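Please look through the structure shown below before reading on.

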Amino acid sequence: MDTLTARPRLLKQANLSQIRRVIKRRGTATRAEIAGETQISSTTVRSLLAEMMENGEIESIGHDKSSGGRKAERYRFKPDKYYGAAICISGSDMHGLLVGICGEILETVRLEFTGSDYEPAICAFLDELMARKDIKSIGIGVPGIVEGGAFWQGTGGSDELCCYDLGDRLAERYHIPVVMENDLNATAIGFRRCYAKEFPSESPERTNMAYLHLEKTCVSAGFIVGGRIVRGFRNFAGELGLIPMEDGRILDEWLMSALDDKDYTDLMIRIISWICGILNPQYVVLGGPDLRTDCIGPISDGFSALLPKHMTAEILYSADMWHDYHDGMASLTAGKIFDDVQFIKELP
């Protein structure tokens, strides 16, 4: 049997992290359910639940019906105890969200900003929110390449990228955990979560999908493989619009040109075939303001006829990018409300 030794405080934090994850995922849980999923002893679970109750972190919602023995007490997070604040930036729009502890969106507001100077509007939103709520984490979705607490974004007039240390600056100002994510990655996470809610048999931990987003100025994607976002070596995974085409133009320039529906459909089939040949996803999700929805049927039919059966993916449509984006950032923000600790067994 493998044994694990650790400093008691660290082990306790790891156990608390596991218990919180079970309650978050289930919404409510009994001591037996938590012990069964985490393999933490029932005695330890009872002790930690009592501590969480005393701290006001969780509350009892009563007992389950008896099946012959003692009734099991059921717990949930206290809904008005801790919150997160998420900001979703995309193009000329920016939204602020008040997020509950399980990732539920409680308030949404549109934030006004000028140019690419997001910080004043974000800080005003956070200051107002923190004056009335106990905010424990901040999430920021950005239209750029994320690197730690900063992101790289084009300046519009040139091919050069500029670095904005927005996440680092907010962490320094508010002294709470900050999570930053690329907007398309967050959108892919949100779509996966919403799809799993609609089809409970689908396991988010085993999801393999590509979320393809089309705008006039760019085509980009968020990839999830084995339930995890694919970022690439330098976090540039998904920048499909920069792929060079046969006439010297890049893919973004092709899609901005005056293609008729047949040429557009053929190009989309080619793009999806690239993705399936490399990642072999179960789903390819199409979305974005400049997706030609009338072409989705022909794209799906033409794509299915092109590749072998085991390489094809189911084509899905995302009608509301902001809905998925909000959900993804809410989930990431809620995940940072507590400092999670977990042990990972390394193979020799």
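The text that follows takes helix packing as its topic and then turns to the pockets. The model is a predicted one.

The account begins with helix α1 and helix α3. The axes of α1 and α3 come within 11 Å and cross at roughly 80°. At that angle, α1 counts as roughly perpendicular to α3. On the side of α1, the contact involves Lys12, Asn15, Leu16, Ile19, Arg20 and Ile23, which meet Thr44, Val45, Leu48, Leu49, Glu51 and Met52 of α3. Sorted by class, the contact of α1 with α3 has seven nonpolar, two polar and three charged residues.

Helix α3, which spans residues 42-54, also packs against helix α2, which spans residues 31-38. The angle in this pair is about 125°, and the axes are 9 Å apart. This angle makes α2 oblique to α3. The crossing of the two helices, α2 and α3, is right-handed. Here α2 brings Arg31, Ile34 and Ala35 to the contact, and α3 brings Ser42, Val45, Arg46 and Leu49. Four residues of the contact of α2 with α3 are nonpolar, one is polar and two are charged.

Another pair is formed by helix α4, residues 119-130, and helix α5, residues 166-174. Their axes lie 12 Å apart, and the packing angle is about 30°. As with α2 and α3, the crossing of α4 and α5 is right-handed. From α4 the contact draws on Glu119, Ile122, Cys123, Leu126, Asp127 and Met130, and from α5 on Leu166, Arg169, Leu170, Arg173 and Tyr174. The contact of α4 with α5 has seven nonpolar and four charged residues, but no polar ones.

The largest pocket has a volume of about 1500 Å³. Its lining consists of 27 residues, and those nearest the centre are Arg21, Arg192, Glu205, Ser331 and Gly335. Two or more lining residues come from each of α1 (8-26), α6 (183-198), β14 (228-229) and α10 (321-334). Of the elements, α6 gives the most to this lining, with five residues. The lining of the largest pocket comprises twelve charged, nine nonpolar and six polar residues.

The second largest pocket holds about 1200 Å³ of space. It is lined by 45 residues, of which Pro143, Gln153, Gly154, Cys218 and Glu239 are closest to its centre. At least two lining residues are supplied by each of the strands β8 (145-147), β9 (150-154), β10 (161-164), β11 (178-182) and β13 (219-225), and by each of the helices α6 and α7 (251-256). By class, the lining of the second largest pocket divides into 19 nonpolar, 17 polar and nine charged residues.

Terms used. Residues numbered from 1 in each chain as written. Predicted model: local features only at pLDDT ≥ 70, side-chain atom pairs only at ≥ 80, totals over all residues. Heavy atoms only, no water. Axes fitted to C-alpha atoms, helices over the stretch in contact; angles between N-to-C directions. Helix = DSSP H or I, 4+ residues; strand = E, 2+ residues; numbered from the N terminus. Parallel < 35°, antiparallel > 145°, perpendicular 65-115°, else oblique. Left-handed = near helix turned anticlockwise from the far one by under 90°. Contact = heavy atoms within 4.5 Å. Nonpolar A, V, L, I, M, F, W, Y, C, P; charged D, E, K, R; others polar. 1 Å grid on protein atoms, 1.4 Å probe; cavity = no way out; pocket = protein on both sides within 12 Å on 5 of 7 lines; lining within 4 Å. Points joined across faces, edges and corners; volume = space filled by probe spheres on them.
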